[in-house]
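Biologist: Please take a close look at one part of this model for me. I would like the aromatic residues first, then the strands around them.

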Amino acid sequence: KWKINSIQNGDFNLNVKSTFHLDDINSEVAFVKSESEIEGDRTPLAMMGYSVVPELKGTQNAMYEIEAKTGMLLNSTIESEVKGSLQLQGRQIPINIKVKVMIKGKRIR
């Protein structure tokens with residue numbers, strides 16, 4: 001089990017606190033699960049000519065299949081959900097972001 005804190009930069013800057021668990025090793029493949037807490041850093045950003053302050057929180061869950069011998073990512077599924085609001089000219093605009101990423105690797109021999 002290990003923890004990693006990271007920053008995801010993009011339209012919204014997100015602070016991500018992740019915990020990873022080695023779930024199993026089977027047939028030379030390591031199965032790693034992760035859970036993350038996501039929080040926006042409240043940095044104002046320009047949107048449509050206005051200054052917007054995001055207030056965001058969420059979670060991310062992932063499963064990784066990694067070749068134990070080489071460390072190559074074979075497959076992964078990552079699901080994130082972030083909810084909150086954008087403060088624009090004194091108004092709170094609700095926001096809900098859902099992302100699912102699936103990676104399918106292939107060994108070339």
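Does Y64 count as buried or exposed, and at what relative accessibility?

Modeller: Y64 counts as buried, at 16% relative accessibility. Here buried means under 20% relative accessible area, exposed means over 50%, and partly exposed lies in between, with a 1.4 Å probe and protein chains only. This is a predicted model, in which local features need pLDDT of at least 70 and side-chain atom pairs count only at pLDDT 80 or more, while totals for chains, interfaces and linings use all residues. Residues are numbered from 1 along each chain as its sequence is written, and side-chain values use heavy atoms, with hydrogens and water left out.

Y64 belongs to one aromatic cluster together with W2 and F20. The structure holds 2 aromatic pairs. Rings of Phe, Tyr and Trp (its six-membered ring) pair if their centres lie within 6.5 Å; planes under 30 degrees apart count as stacked, over 60 as edge-to-face and the rest as tilted. W2 and F20 are stacked, at 5.6 Å centre to centre with 10° between the planes. W2 sits in strand β1 (residues 2–8) and F20 in strand β2 (residues 14–26), so this pair ties together parts 18 residues apart in sequence. Strands (E, at least two residues) are DSSP runs, numbered from the N terminus. W2 is partly exposed, with a relative accessible area of 37%, whereas F20 is buried, at 14%.

F20 also pairs with Y64: the ring centres are 6.3 Å apart and the planes at 35°, so this pair is tilted. Because F20 lies in β2 and Y64 in strand β5 (residues 50–67), the pair ties together parts that are 44 residues apart in sequence.

Two strands pair if DSSP finds at least two bridges between them. β5 and strand β6 (residues 73–88) run antiparallel and are joined by 14 bridges; V53 stands opposite Q87 in β6. The two strands form a hairpin with 5 residues between them, and G71 in the turn has a positive phi of about 85°.

β6 is in turn joined by 14 bridges to strand β7 (residues 91–104), and these two also run antiparallel. G84 stands opposite I95 in β7. This hairpin of β6 and β7 has 2 residues between the strands, with Q89 in the turn at a positive phi of about 50°.

Definitions and conventions:
Helix = DSSP H or I, 4+ residues; strand = E, 2+ residues; numbered from the N terminus.
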